[in-house]
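Let us take a friendly walk through a structure with two chains. Keep the 3D view open as you read.

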Amino acid sequence: MNKIWLIIKREYVTRVRNKTFLLSTFLLPLMIVLFIAGSIFLSVKSEEKSKRIAFADSSEFFKPLLRNDSSKLNFVFDKTIDTVNYTKKGFDGFVYLDDSANHHFVLRTPKAASMSTISSIESKLNEAYQNYQLQKSGIDKAYLDSLRKASSRYFSVDNKGDDDKIVNAGVNYAVGFGSGILIYITMFIFGAMVMRGVMEEKTNRIAEVMVSSVKPFQLMLGKILGIGAVGLTQLLLWIILMSALSLVATAFLPADIMSQVQQIQNNPAVVNNNAAQFNEAAKLMANVSSLNWPLIIGCFIFYFIGGYLFYSSLFAAVGSVVNEDPQEAQSLMLPIMMPIIFGFIILSSNLNTPDNDAMFWGSMIPFTSPIVMMGRISTSPPWWQLALSMVLLIGGFLFTTWMAGKIYRTGILMYGKKASWKEMIKWTFRK
Amino acid sequence: MNILELQNLKKYFATQKAVDDISFNIAQGDIFGLLGPNGAGKTTLLRMITGIFYPDSGEVVFNGRKFDPINDTAYIGYMPEERGLYKKMKIGEQAVYLAQLKGLSKADAMSKIKAWFVKFEMESWWNKKVEDLSKGMSQKLQFVTTVLHEPKLIILDEPFSGLDPVNANLIKDEIFSLAQKGSTIIFSTHRMEQVEEICNHIVLVNKGKKILDGTVKEVKNEFKENMYRIGAAILPEDLQHPAFEVIKHKPDELLLKLAPGTKTNDVLQYFISKNITVNTFSEVFPSLNEIFIKLVEGTKNARQFQEI
């Protein structure tokens, strides 16, 4: 036991001290936050700039109809402007009536206009023309608007599960997909790390030196647990960093949104009655914080560890039977990667229906359960299913570790040729 | 007292009888040579002694008790032929780590490593990485990590490969002094001149079977061919006598093969009667190299795959 501890410590310390570990741990959350902040900043910035559009309308047909209520577009009616001098007078665009066609307006801009500018001018003109037509046929605009509003009251989503908690399909989807994909990626990263570690021991010829002091199984287990601890450390650091950064981010949110969030949390019923009152951002925040986070994080850690243990021992077995040639490793890795990828496919194609058969079986079978169950977790699957899935995963990794240990112990001392699957199966059932 | 007794060890692989019923004993303090051509089963034998493989049948008795791989490996230091170290690890840490795996405490390991590093003039290496070392340097480090925990049984498989004569002598002297302190050393090689120089007890295996066992002296006696070398100032050409046959003739030296039952004094008498002043007269023993070749030759050189 003491020896396994020493091996775990070495595997852990040498990796955590490594510069790439520090870089990936601290840079990744920072990059995600910067990416989100950057894209928000850019979209906000591009909205700020409003366009001044000159409008030459000799018939003065549109002048009473077009209202400058949006900050993005500013129409100026000026008869002295023409296609030659509109840029000099500081306009971004010029709309004029084309005399060759009846009621046909043409937009001219110094450079090609952006899609959003064109479509907003177009919708403005259309809206103005539509209002004009409504007025002409004697329909009051305000009356029509009130009719439209009334019809939207006939249907709304209650947003509450039977346990009286607000649930939101979109948030569930995002949480399920996000945690599933995270497990999928980490299983590959840390599984491959185990495999490379075993290959390093074999190609450096240290394996035989080591197994004269410790049993091969101890060596394999120590490596798996050590690298697993590295992965767990990295994940926990990411969670801590991300939540610290999001706290910083919420501090910059307007105060009224935060007070709305609290109001929704205290009394979910108000959301439905006064939906319009609340900001979309506030609703989203309330939905996110209403999820059962302790369960989600707890399950995430369990399925990360379980899935990692299940697959890393298989990766270790592959690492032990190949030699220096990375090509050999790839062909042997494929059968291990297939179920992981398959689990991800189940998750991504059935996430909209988290209770269907594919998701149920996918979340029970240990080959795919770490990924698929995380997709179901935010919709609170029945307790017995969760418990059964966990028990099967524990049984699964005990089995794969036992099997991998048998292959590993022979493979690690074999030099020269790559073992075939047939030989590996033979090693498994040898005493 | 025997530190190690092998009793009818067998280990069969899918296509080979790697070790086929081998028994021998090694006494404490011996420097024991395990010899054999490539693929004779030496490494498999050593792996069973170090507890890496379990024998299919037969028993290993270590220090008077049945060998217990889990606890007894602390008393064994094994330097395999396929050896290496973690490339990215610092040398000092690496040595401490390997010593701890053999059951030494950290402080104990540190002081022992420092002492060895001083002895081998390696003090400045502590914070270097293994990848910075030359082959000879890492060989020295490997030797230190093998003997650091003062094992009762030290197993060295081709310990001098890659070492220059100066460093090889350094290691050789350490082997002698370790044996003097009571450690037993198993030494596996196919370099016979080293065996002759270092070992006092040898076993030769070929094709999984033991074909020779004894002290170097016994073995040489067994294979001697009654050859004598005689040296004199001037030796005439026409020396003939029924008691011996001249194998080689040099102006001042003769190699004689004595006829069975001849006494050496009879030969000397003949030379004295011929009025030849004899300077030297000594028995010639075959070298281990000659014995090795004689025994192994004739069997098929490469091992054949066989059905079990």
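Two strands pair if DSSP finds at least two bridges between them. Strands (E, at least two residues) and helices (H or I, at least four) are DSSP runs, numbered from the N terminus. This is a predicted model, in which local features need pLDDT of at least 70 and side-chain atom pairs count only at pLDDT 80 or more, while totals for chains, interfaces and linings use all residues. Residues are numbered from 1 along each chain as its sequence is written, with chains lettered from A and ligands numbered from 1 in the order in which they are written.

**Sheets of chain B**

In chain B, four strands form an open, antiparallel sheet in the order 12-13-11-14. Strand 12 (244-250) and strand 14 (278-284) of chain B are at its edges with a single partner strand each, so one side of each has no neighbour in the sheet. Another open sheet of chain B, also with antiparallel pairing, has four strands in the order 2-1-4-5. There, the edge strands are strand 2 (17-27) and strand 5 (65-66) of chain B.

| Strand pair | Bridges |
|---|---|
| Strand 1 (residues 2-12) and strand 4 (residues 57-62) of chain B | Five bridges |
| Strand 12 and strand 13 (residues 253-258) of chain B | Six bridges |

Which residue of strand 4 of chain B is the bridge partner of Gln7(B)? The partner is Glu59(B). Likewise, Phe244(B) stands opposite Leu258(B) in strand 13 of chain B.

**Helices of chain A**

Chain A has 16 helices and four strands. Helix 15 (residues 383-411) and helix 16 (residues 421-428) of chain A pack at about 110°, with their axes 8 Å apart. Axes are lines fitted to C-alpha atoms, for helices over the stretch in contact, and angles run from 0 to 180 degrees between N-to-C directions. Helix 15 of chain A is therefore roughly perpendicular to helix 16 of chain A (65 to 115 degrees counts as roughly perpendicular). Met403(A), Lys406(A), Ile407(A) and Thr410(A) of helix 15 meet Met424(A), Trp427(A) and Thr428(A) of helix 16; residues are in contact if their C-beta atoms, placed from the backbone, lie within 7 Å.

**Where the chains meet**

How many residues does each chain give to the contact? Chain B gives 18 residues and chain A gives 15 residues. On the side of chain B that touches chain A, helix 3 of chain B gives the most, with three residues.

Note on methods. Angles under 35 degrees count as roughly parallel, over 145 as roughly antiparallel, 65 to 115 as roughly perpendicular and the rest as oblique. Two residues are in contact if their C-beta atoms, placed from the backbone, lie within 7 Å.
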